[in-house]
Amino acid sequence: MRLCNFIVRDAITPALAASAPPAPPGGHRDPSAVRSVKEQVIREMVGSLHAAGHFRASDVDEIVRAVLRREELGTTGIGRHIAIPHSRHPAADRLIGTLALSRDGLPFDSLDGEPVYVFILLVSPQDRPGDHLRALEAVVRTMRNDDFVRQLRGCQTREEIWALLESAAPGW
């Protein structure tokens, strides 16, 4: 499975609007500030899928809540500046996702404590757990390639990101 099989081209966000307050002295952020950043990022990404015609406006808040509930079970900030927020939801008729970049990096409770620059959001139907797991595996395998991630972070436009996704071999 390739990322371009489920990433919605028109929902890609090359520069997230979400932002974080400056880190306090000592570098430890208030957990509520990190939760706020997570919600901003997830809401912006789900909103981009809605704007691309994949969810009704009435579903957006519930999808955001579902992804945040999943986030409460354990962070999806997998380390190496990457996060994969995800959930299954009845509003999804098939596996879809989007990709967003943060130019300055955002706190996301990553396993390695580092800021996140690359976000991949996945939403899949509740009755298709296999698709969901295969997509997560494809994202993790692709994001293990440091050269790919470096190129991705250097992209400035949706078109550049899409071209890179299309050129990437499965699991790069």
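Tutor: A residue is buried at under 20% relative accessible area, exposed at over 50% and partly exposed in between (1.4 Å probe, protein chains only). This is a predicted model, where local features need pLDDT of at least 70 and side-chain atom pairs count only at pLDDT 80 or more, while totals for chains, interfaces and linings use all residues. Residues are numbered from 1 along each chain as its sequence is written, and side-chain values use heavy atoms, with hydrogens and water left out.

Student: Which residues of α2 are buried?

Tutor: Asp59, Val60, Ile63, Val64, Ala66, Val67, Leu68 and Glu71. Their cover includes α1, β1 (77–79), β3 (86–88) and β5 (116–124). Helices (H or I, at least four residues) and strands (E, at least two) are DSSP runs, numbered from the N terminus.

Student: Why does His132 count as buried?

Tutor: His132 has 7% relative accessibility, so it counts as buried. His132 belongs to helix α3 (residues 129–143).

Student: What is His132 in contact with, leaving aside its neighbours within four places in sequence?

Tutor: Contact means heavy atoms within 4.5 Å. Under that limit the partners of His132 are His86, Ser87, Arg88, Leu122 and Ser124.

Student: What makes the side-chain pair of His132 and Ser124 a polar contact?

Tutor: The rule asks for a pair of N or O atoms within 3.5 Å; within protein, one must be able to donate a hydrogen and the other to accept it, and residues adjacent in sequence count only if both atoms are side-chain atoms. The side chains of His132 and Ser124 make such a contact at 2.6 Å.

Student: How is the chain built, element by element?

Tutor: From the N terminus the order is α-α-β-β-β-β-β-α-α-α. That comes to five helices and five strands.

Student: What does the C-alpha trace span along its principal axes?

Tutor: About 45 × 35 × 25 Å.
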